[in-house]
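Subject: Handover of a structure

Hello,

I am passing this structure on to you. Please open it first, then read my notes below.

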Amino acid sequence: MTFCKECQGFDIRAVLLESDSQQTQSTGLTGRTYSDTNDYRPPIPFFHKHHESIVGLKRSAEQGCELCKLFWETWVKTLNKPDFTEEWLDRTFQGSLYLGCSGWIASRQGAPYVNLAQRTLSGTARALCSFEPFANRDLLPSDGMSLLGRSIYEDPASTGCLAVAADWLHTCLNEHGKCGLKGETERPLPTRVIDVGDNHTPPKLITTGGKIGTWIALSYCWGGDSVFIYNDHTVNDLKVGIPLEKYPATLRDVIIITRALKMKYIWIDALCIKQDSREDWAAEASKMQEVYSGAIVTISAANSPSTQSGIFSKRKTRMSNVALEWKGEEKSGKVYLRSGSELWDHSLQTSALQTRGWTLQEGLLAPRTLSYGAQQMMWECPEYQTDEGGRITQPTQEYRSKGFIQKVLSAGRQEAPKPEPSLLQKLHIRSPKPDEWWKALAIESPYDKWWEIVEQFMTRSLTKDFDALPALSGLARAFQPVLKDEYLAGHWKKDIMASLMWSRNPKYPADESIRFDPTRPSEYLAPSWSWASILGNLSVMSNIWKTRDALAISALKVAEILDLHTVTKNYDPFGQVIGGDLKIRGRFFPIEHVPPVWSTDNQFPDEPSDLPKLSPFQQIVYNSARVVDVIIYERYQQHKSHPGQIYGAFEIIRWKGAPGSGLPGMDFLLLESTGEKGDEFRRIGVASVRKNQLLYEEDVTADSYSFMALENLAYDEVDRVKVKKRIITIV
């Protein structure tokens, strides 16, 4: 292998070991939803002097140095300038080149990257490109193995690749104390499972009768294929056994994986739930928590958009064959470099599976997940997250922590014995302190985690819009014993006031041909006060804690909830709802004028010339309903007209200091009458007014100043007016 003298002098082992030996530091990244890991190691950008300039690197690559060629070809792709000259390179990128390594957080990134950087004329490091060092998993050096990635297999169906997955499962079951050891994995089997058979026996559908055992669950996309399913026409064939080669590719591949993991049973929803029976579907859907949380591992077919696609797709890798010498103390070896983004499997994170509503709870409830992406496999359990490329990390999205979710499930399974009350407690002088185990995980409240999950769920899609609540029912069922609260259509009763002011971003058409996607719910989804009542995209639900905290310290007046309940379908308190009422007492302000409801024929209505002069508050509401997308869209989704319809703004909270801004203000629900009962309304949006500290007019734009002045007048108007409290019901 041909290297220039600058590359020959680079000792990759030395820089990685020096990086690892540094004293760890705090990242300084702390907050309500993020805990500092205290395992940051700073970068070493100027470890080894390389070429004097970018042009020197280019010429060395052209003269045959294979490592310089890797560096040059990786960096030059980032230029997006095909017509550069050496003179332009010298003028634009001045400074000597160095090889070193990145800063890194062990629990987040796993190991440092090798960096090519340029020392600028001011002495700072300009990053040019980064590489992950890795070794052939069958020829590992004698030391530093935790600092090196591993080679991946081109064929995920190969014996070697399947053995890696089997080793992850074996290690977890036998060595991970956090994950529950092997003897704790046997539970009553789901109602039906597939006995995967072997090379001589075809897979069969069996009814378990509550037999104890272990099973694997599958999380995947149907992709519109509804032929190979369990129904009246297929039941006999499935029970007798259908040859594996006749299975759709994704289901065939997952059965091969199940056999390789030496497991007998797998649960696949299409084959284990009777698809032509709504009664069976409802009964089995209510058991999703037990199915996925009880499975020994859930296999996630992340790279398969349909059952016909298969899991075992050939990997398209662009791995470099440039080998560097690893000069170990006992045994030398070869180390390779791949681009720093080569195996960050963005396709796994953005795959069809990751956009499907049902798979969120499937992945979160599973104690272990084995995911198949387009480039590599990934393993996740309460102990850690690792991938085929060799990195061992902790989940970067806090709500995804297997440790937290599994603790939620464990707490729900165990009825903790109540301690004997102390004398002070018996005398009612001191209340018993609840067992807040989540504080040890740097989690302020389990409610926070629920809303983070809901926020993520909102970004996903459902084939059937009425599945919104059923697709979260397993997680809701898991949270309930920990929260000790009543679940109501995606909300929790004790947290309802903090969560009533949600708003959902609209769905927009992909071709941008019209303002909004005009699709409306196919049937009743939830009460209008619930975020689940409309179709829509993301709402920032993870900030609800700010409202909850502010309610305790800066709320001047809060509407009084008199009754709150939902009516659920099939008597499952966590499933689909068919009705629900919020009976509430507070100040109701009639709204005199509202713009027309959005339609494809009138997408951007102007303010009519004959609109009478409105009071400041009435003007704020009118303007919001005419120009603010989230309010226009929600009203379009919710609106049902009737003769003599009236509108109103119902004050929910009056603030001394509102969350976020700290300004005095009021929050309102915008309502329309249903026409069914005199005091029955439907939510169609939200509105807020704040008392601003007016800046000098010249310090802000004219529009901003005008809005703040109008908002202040609206605040004064609502604050002064005497309005008798009214009891209404929001449905």
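Start with helix α14. Nine of its nine residues are buried, so α14 is largely enclosed by the rest of the structure. Buried means under 20% relative accessible area, exposed means over 50%, and partly exposed is in between (1.4 Å probe, protein chains only). The buried residues of α14 are Gly 357, Trp 358, Thr 359, Leu 360, Gln 361, Glu 362, Gly 363, Leu 364 and Leu 365.

Some ground rules before I go on. This is a predicted model, in which local features need pLDDT of at least 70 and side-chain atom pairs count only at pLDDT 80 or more, while totals for chains, interfaces and linings use all residues. Residues are numbered from 1 along each chain as its sequence is written, and side-chain values use heavy atoms, with hydrogens and water left out. Helices (H or I, at least four residues) and strands (E, at least two) are DSSP runs, numbered from the N terminus.

**Helix packing**

Which helix packs with α14 at an angle of about 145°? It is α17 (residues 446–458), and the two axes are 9 Å apart. Axes here are lines fitted to C-alpha atoms, for helices over the stretch in contact, and angles run from 0 to 180 degrees between N-to-C directions. On the α14 side, the contact is made by Gly 357, Leu 360 and Leu 364. On the α17 side, Ile 453, Gln 456 and Phe 457 take part. Contact means heavy atoms within 4.5 Å. By class, four of these residues are nonpolar, two are polar and none is charged. In that scheme Ala, Val, Leu, Ile, Met, Phe, Trp, Tyr, Cys and Pro count as nonpolar, Asp, Glu, Lys and Arg as charged, and the others, Gly among them, as polar.

Helix α22 (residues 629–638) is also worth a look. Nine of its 10 residues are buried, so α22 is largely enclosed by the rest of the structure. Among the buried ones are Val 630, Glu 634, Arg 635 and Gln 638. The cover over the buried residues of α22 includes α21 (616–627), β26 (647–655), β27 (665–673) and β28 (680–690).

**The whole protein**

The protein has 731 residues, and 54% of them are buried. Its secondary structure comes to 23 helices and 29 strands. Take the contacts between residues at least 6 apart in sequence: 70% of them join residues at least 24 apart.

Confidence averages a pLDDT of 88, and 90% of the residues score at least 70. pLDDT is the predictor's confidence in each residue, from 0 to 100. Over residues 423–433 pLDDT stays under 50. For that stretch the model has seven contacts beyond four places in sequence.

**Single residues**

Thr 386 lies in strand β19 (residues 385–387). Thr 386 is buried, at a relative accessible area of 6%. Its side chain reaches the backbone oxygen of Arg 391 at 3.0 Å. That is a polar contact: a pair of N or O atoms within 3.5 Å, where within protein one must be able to donate a hydrogen and the other to accept it, and residues adjacent in sequence count only if both atoms are side-chain atoms. Leaving aside neighbours within four places in sequence, Thr 386 is in contact with Trp 168, Met 378, Trp 379, Arg 391 and Ile 392.

Thr 171 sits in helix α7 (residues 159–175). Thr 171 is buried too, at 15%. Beyond its neighbours within four places, Thr 171 is in contact with His 176 and Tyr 384.

Gln 94 is in the loop between α5 (86–92) and β3 (96–101). Is Gln 94 buried, exposed or partly exposed? At 37% relative accessibility, Gln 94 counts as partly exposed. Its side chain reaches the backbone oxygen of Arg 91 at 3.1 Å. Gln 94 and Ser 53 are 41 residues apart in sequence and 6.9 Å apart in space, C-alpha to C-alpha.

**Positive phi**

Most residues other than glycine have a negative phi. Lys 262 has a phi near 60°. Lys 262 lies in the loop between α9 (249–260) and β13 (265–267), and is exposed at 73% relative accessibility. Glu 512 has a phi near 55°. Glu 512 is in the loop between α19 (496–499) and α20 (544–553), and is exposed at 69%.

Best wishes
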